[in-house]
Every structure is written in structure tokens, then in C-alpha cells.
Amino acid sequence: MSTETPTPQFAAEASPDAGENEGSSSLKLSRTVSEAYSAFTPTQKQWIVLLVGIASFFSPLSANIYFPALSSLSNQLNVSAELINLTITSYMIFQALAPTLFGELADSLGRRPVYILLFAIYICANIGLALQRSYPALIVLRMLQSTGSSGVIALAIGVVADISHAGERGVYMGAVNIGTLLGPAIGPVIGGALANQLGWWWIFYFLIILSSMYIVPLLLVFPETGRRVVGNGSTPPSSRINKSFLPLLSPPGTGTPLPRPPLEFPNPLACIRLLFEKDMAIVLFANGILCTACYTVIASLPSLFLEIYGLNSLKIGLCYLPFGAGCAVASVGAGKIIDRDYRVVAKQNGITINKRKGEDMARFPIEDARLRSVFWMLAVYAATFAAYGWVLYVETSIAVPLVLQFICGVFAIGVFTIFSTLVVDLYPMKPSSAAACNNLVRCLMGAGGTAAIDSMISTMGRGWCFTFVGAMCAAMAPLLWVERRWGMRWRWERAGRGREVTEERVEGVEGEGKV
């Protein structure tokens with residue numbers, strides 16, 4: 001007896017997340033049979049991904065470049081270390097919450113105006129931080145800084161989903177993710193050098209200079225990619241704010257401009273609803289655990305390396321570089337593995353890949369494709385944490401934990417790219433909202449992990465603490481097997497619910513018209 005799940009009989013143009021898109025929006029955005037998924041050329045896509053990848057670098061950079069200045073700020077503002085640490089907590093809270101607002105806004109109004117708004121907020125916050133000399137101003141402006149920088153991460157994932165179909169998305173997603181992981185590695189090095197040589201306020205002047213340099217190409221050449229605004233890129237935007245000043249990265253507009261979407265206040269609860277979908281809940285929880293494990297290594301490094309090797313703050317900052325190097329090395333390779341798995345699964349299921357238009361994702365086992373390589377990556381990732389803890393326990397040469405940090409960086413970018421790509425695949429019509437939900441879970445769980453790691457090391461010891469962290473990572477394997485086995489059925493069920501809601505709304509509108 002065959003156990004194969006039957007293919008649901010719903011319209012080919014209906015998206016698997018129709019229930020989250022007010023029913024008819026998926027029909028409005030459907031493409032004709034002959035239309036390409038994206039009108040952007042490969043070169044244009046590469047430049048666009050480069051721009052959004054750099055933008056994604058600002059949030060983790062701003063969070064971590066600040067750490068070396070904590071003692072100086074505490075002394076100059078005459079407040080306790082506990083109060084200064086609250087500025088870190090408040091930053092992480094807004095880092096989790098801001099994308100839930102701006103991700104949905106970008107899905108409706110377009111990516112370009114929201115990018116400009118966020119960087120304007122970010123630059124203004126940094127100007128205030130460089131000039132302030134009081135604790136209340138510091139904590140409020142750090143919240144504002146987090147709001148401006150954190151929203152761009154969800155937007156970057158949305159841009160990748162706009163311009164690339166599922167068969168080519170892995171490489172681009174890997175390139176974007178490198179920014180989010182390089183920030184924790186490079187930030188402390190830059191922050192330590194600036195704080196020691198020029199003073200803590202130069203950290204914020206540096207961020208002003210860097211972000212001001214970035215916003216110039218953003219304003220001049222960054223095109224609108226939101227599919228509700230420009231379709232596949234061939235439709236010219238109707239609003240001036242969605243148009244770049246120099247259309248170097250924009251395809252020639254040939255279609256009729258789409259109606260301007262209504263301005264609606266974003267509802268953060270809309271993305272939280274995704275947590276209650278079975279397939280998304282598994283992916284988000286697993287990704288949150290694996291990210292938290294990574295954050296425990298980053299957060300505990302200063303105290304451990306000071307205690308074991310007696311390093312000063314500048315040398316401790318340099319010890320973050322191997323992790324960043326691992327992320328950089330793996331960024332492109334991880335994406336290629338994801339795209340290779342997609343091709344393998346397509347061949348196994350007798351599906352011919354259409355590089356121009358992409359495949360009908362309603363009938364493609366995307367969960368099987370994305371999670372095909374995650375298990376061996378997860379095994380190495382989990383083992384690395386255990387080994388890291390025990391080499392610190394026996395206090396080996398500093399080269400050994402640094403090599404393990406490099407390996408951790410390599411496989412961190414691998415698993416994170418897999419999950420980031422799968423989250424977008426599950427909700428292709430609202431990719432920024434889905435990425436915002438992913439960011440919310442990851443940041444909140446990461447904040448809890450970083451707050452607890454020092455106490456865990458004191459209680460359990462270095463070796464057993466990181467062995468426990470590795471075991472928690474390994475425990476995600478059965479959950480991911482469940483997702484790979486039943487995820488497609490759950491996605492179909494969600495699509496069926498969305499179709500029923502659409503039909504009910506259509507019947508209601510018709511009934512009102514008859515009255």
C-alpha cells in the first residue's frame with residue numbers, strides 16, 4: 001500500500017501561505033506562464049545582494065562594537081556596570097521587535113522606502129549617541145539605534161526572495177547571512193581600537209561615517225524589488241520614493257504600474273501568528289537553539305580568555321577573527337550546497353528545473369531539499385561545542401580553541417543559511433515578515449542564552465557546560481527529521497485553509513452585492 005501523500009487540488013497560482021495574504025493577494029501577484037520569475041539580470045542580482053548584505057552588517061556590528069566601551073561609559077557617566085548592561089539588554093529587545101514592524105511594512109509598501117527610513121533613523125541615533133553625556137539619553141538612543149539597524153535584516157531576506165526563485169536562492173542567502181555573523185567577529189576589534197585610542201564616542205562617529213557612506217549608493221542605485229510594487233521587476237513603480245535616481249540596477253520597465261498599496265500601520269502580531277504553524281514552529285525553534293549556542297561562545301569568550309590566557313581587551317578582540325573567517329569562507333559554499341540539494345531532490349522526484357521561471361512550489365518537496373544536508377552539518381556543529389569546552393577545561397594552547405572557533409563559524413553559516421532559506425520558502429509571499437519572525441525567536445532565545453552562559457560555566461564547569469550546549473544542538477535532529485517527513489503535508493493543509501478563507505470572503509462580497 002502506498003503511503004505517498006496525495007497532491008492537493010488547489011489552483012496552481014495560489015501560494016502555500018495564502019491564508020496569511022488576505023486570500024486574493026496571491027492571485028494579484030501571479031505570473032503569466034511565459035513570464036520569468038525575476039526580470040533582474042544575474043549581474044544586477046549580485047550587486048543588489050551585495051548592497052543588502054552590507055546593510056545587514058550594521059545591526060550586529062552596532063551591537064558588538066559597543067562592548068569594549070562599557071567600562072569607559074560606566075566611569076564617565078558615573079553609573080554601575082549593571083545599569084550599563086541594561087543598554088545591551090534594551091538593544092537586544094528592540095533588535096528582536098523592530099523587524100516585526102518594518103518587515104510587514106516592507107512587504108506592503110516596498111523595500112526601498114523602508115530601507116531609507118531605517119537608515120535615516122540609524123544615522124540620527126548615532127549622531128545623538130556620539131554627542132550625549134547622560135545615561136537616560138544613552139539608553140533611549142541605543143533603543144533607537146537598534147530600531148534603525150535591526151529592521152534591515154528582515155528586509156534583506158525579503159529582497160533575496162523577491163529576485164531569486166527557490167532553485168537559486170541558496171547562494172544569495174549565504175552571501176546575505178555573512179553580514180549578520182561577521183558583525184560579532186569584527187565589531188569588538190574595531191570598538192576596542194577606537195575606544196582605546198580615540199575615546200568611546202568615536203565608536204559612534206565611526207558608525208555615522210560608515211552608514212553615511214552606505215546611504216549614498218542606497219539612494220542612487222538601489223532598486224525597488226518588492227513584488228507587490230514592481231512584480232518580477234519589469235513593472236515600473238508608481239511612487240517616486242520607490243524609484244532609484246540612477247536605474248543602473250533596475251530592469252527596463254515594460255508593464256503598467258501596479259496600484260499603489262494602501263498605507264497601513266504594521267501589525268507585529270501578524271508575524272507572531274506564524275509561530276503557531278507546525279512546520280514554521282519547528283524550523284524557528286531549531287534555528288533559535290542553534291543560534292543561541294553560537295552566541296554562548298561569542299559572549300563567554302572575553303571572560304574565559306582573560307581567565308585562562310590573561311589577554312588584554314585588544315587581543316581578546318582579535319580572538320573573534322577566526323570565527324569571522326570561518327563565516328566568510330563558508331558563506332558561498334553553504335549556498336552552493338543548498339542549491340545542489342535542490343537539484344538532487346528535483347531529479348529524484350522527476351521534476352525538471354526551470355531556471356527562468358522556477359518551479360511550482362506547491363508541489364515541490366522543499367522541506368526535503370532544504371534539510372537534506374543539515375544532519376551531517378549539525379553533527380559536526382554539535383561536536384565542535386563539546387570539543388571547545390574540554391580544550392578550555394584542560395587549558396591547551398590558545399591555537400586549539402581558535403581553530404575550533406573557525407570550525408564553528410563554518411558550520412554556523414551553513415545551518416543558519418539552510419534555515420533562513422527554508423523560512424522564506426515556506427512563506428514566499430511575505431518573506432520579510434517570515435524573516436522578522438525568525439529574527440524575533442533567534443534574538444530572544446539568544447538573549448536568554450548569553451545572560452545564562454556565565455552562570456552555567458560557573459556551575460557546570462567549562463567542559464560540561466559546552467557539552468550540554470552541543471547536546472542541545474544535537475537534540476534538534478529528531479525535530480528536523482519530523483519537519484522533513486511531514487512538513488510538506490502541513491504546508492498543504494495551510495494552503496487549504498487559505499483557499500477556504502478566500503472562498504468565504506468572495507461569497508460574502510457577492511452576497512453583499514446582491515443585497
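**Notebook: surface, cores and salt bridges**

I started at Trp464, which is exposed at a relative accessible area of 54%. My cut-offs: buried is under 20% relative accessible area, exposed is over 50%, and partly exposed is in between (1.4 Å probe, protein chains only). The model is predicted, so I noted that local features need pLDDT of at least 70 and side-chain atom pairs pLDDT 80 or more, while totals for chains, interfaces and linings use all residues. Numbering runs from 1 along each chain as its sequence is written, and side-chain values use heavy atoms, without hydrogens or water.

**Surface patch.** Trp464 sits in helix H18. I took helices as DSSP runs of H or I, at least four residues, numbered from the N terminus. Trp464 belongs to a nonpolar surface patch with Trp390, Tyr393, Val394, Met460, Phe468 and Met472. Together they have about 710 Å² of accessible area (Shrake-Rupley, 1.4 Å probe, only the protein chains shown as cover). Patch members have over 30% relative accessible area and no salt bridge, with nonpolar side chains joined within 5 Å and like charges within 9 Å. Helices H15 (374-394) and H18 (462-474) each supply at least two of the residues.

**Cores.** Next I looked up nonpolar cores: buried Ala, Val, Leu, Ile, Met, Phe, Trp, Tyr and Cys joined through side-chain atoms within 4.5 Å. The largest has 67 residues; Tyr66, Ile84, Tyr115, Phe119, Leu218 and Phe222 touch the most other members. Helix H6 gives the largest share, 13 residues. I then checked Phe222. Beyond its neighbours within four places in sequence, Phe222 is in contact (heavy atoms within 4.5 Å) with residues including Ile48, Arg112, Tyr115 and Ser244. Another core, of 62 residues, lies apart and includes Leu301 and Phe385.

**Salt bridges.** I counted a side-chain nitrogen of Lys or Arg within 4 Å of a carboxyl oxygen of Asp or Glu. The whole structure has 12. Glu168 meets Lys45 at 2.8 Å, N to O. Glu168 is in the loop between H6 and H7 and Lys45 is in helix H2, 123 residues apart. Lys45 counts as buried because its relative accessibility is 8%.

Arg462 pairs with Glu307 at 2.9 Å, N to O. Helix H18 holds Arg462 and helix H11 holds Glu307, 155 residues apart. Arg462 is buried at 12% relative accessible area, but Glu307 is exposed at 57%.

Arg491 pairs with Glu367 at 2.8 Å, N to O. Arg491 is buried at 1% relative accessibility, and Glu367 is buried at 1%. My last entry is a salt-bridge network that links Arg169, Arg370 and Asp425.
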